[in-house]
Amino acid sequence: MTETLLDPGIGMTSRRTRERLIQRLMDAGIDSPEVLRVMRALPRHLFVDEALASRAYEDSALPIGHGQTLSQPYTVARMTQALLEHGTPDTVLEIGTGSGFQTAVLASLVRRVYTVERVGELFERAQERLGALKMRNVRYRHGDGAQGWPEYAPYQAIMVTAAPRGIPRLLAEQLAPGGIMVLPIGEGPRQSLVRLVRHARGGFGHEILEPASFVPLLAGVA
Ligand code: SAH
């Protein structure tokens, strides 16, 4: 009963459907206890329109308007795990706030998240949602994420949730020594999820993690 009261509109199946999603993530190779804990706890249905709420615990991407999507839970979990694998960063810069779901995952795991979104309406709605969830360790910026957010740089980690053609130079420069950036790279359906490391002694290294499919990183604001 308590669950029904806490989650109006999502119903009694909520716990079971959420558990099924967590099992699916584990089957797909997500093994970070922290990531699984946060994915289990966060109410993903609050990040989509009510009409889509019943599909919020399926492992699929969902539309959030403006031709954009809330990433598939597996993708959110995979990127977060890739970001945390070398130790939990203190600060994370996120490019592409979208619904704010990935932001909420990060904000549950690190001290502070800086997030940048180019579409004004998405930017505002994400702030409202995260405010309602009392996530106070997030700073928001309406702007072009390819420029990063120089004011608070350098960041120990950067996560990009829209695909540029190549690694944006300005973003790489805002990475702290020893820092990590996880991002999709490429055009159309042929994208790769990449982890870039800024070596403490200078220079960058990267590894390709797996194929990816993201909306493109677009220039300017809307
Ligand atoms: N993490 C989001 C993913 C949203 S899709 C979620 O799970 O909901 C990618 C987002 O990146 C979209 O909201 C899109 O508007 C935004 N975006 C695309 N190009 C951008 C840019 N240059 N700067 C900031 N945000 C950008």
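Helix α4 gives 5 residues to the lining of the largest pocket, the largest share of any element. This is a predicted model, and the pocket in question has a volume of about 590 Å³. Here is a short tour of that pocket, the ligand and a pair of strands.

**The largest pocket**
- The lining is made up of 40 residues.
- Ser71, Thr161, Ala162, Phe214 and Val215 are the lining residues that lie nearest the pocket's centre.
- Besides α4 (73-84), the elements that give two or more residues to this lining are β2 (68-70), β3 (91-95), α5 (101-107), β4 (112-117) and β9 (204-212).
- By residue type, the lining divides into 20 nonpolar, 14 polar and 6 charged residues.

**Around the ligand**
- There are 24 residues around the ligand, and Ser99, Glu117, Asp144, Gly145 and Leu218 come nearest.
- In the side chain of Glu117, an N or O atom is 2.6 Å from an oxygen atom of the ligand.
- Asp144 also takes part through its side chain, where an N or O atom is 2.9 Å from a nitrogen atom of the ligand.
- With Ser71 the backbone is involved: one of its polar backbone atoms is 3.3 Å from an oxygen atom of the ligand.

**Strands β4 and β5**
- Strand β4 runs parallel to β5 (residues 138-142), and 5 bridges join the two.
- Within this pairing, Tyr114 stands opposite Arg139 in β5.
- To get from β4 to β5, the chain passes through helix α6 (residues 120-132), making a right-handed β-α-β crossover.

Key:
Residues numbered from 1 in each chain as written. Predicted model: local features only at pLDDT ≥ 70, side-chain atom pairs only at ≥ 80, totals over all residues. Heavy atoms only, no water. 1 Å grid on protein atoms, 1.4 Å probe; cavity = no way out; pocket = protein on both sides within 12 Å on 5 of 7 lines; lining within 4 Å. Points joined across faces, edges and corners; volume = space filled by probe spheres on them. Helix = DSSP H or I, 4+ residues; strand = E, 2+ residues; numbered from the N terminus. Nonpolar A, V, L, I, M, F, W, Y, C, P; charged D, E, K, R; others polar. Pairing = 2+ DSSP bridges. Right-handed = clockwise from strand over helix to strand, strands pointing away. Near = heavy atom within 4 Å. Polar contact = N/O pair within 3.5 Å; in protein donor to acceptor, adjacent residues only side chain to side chain.
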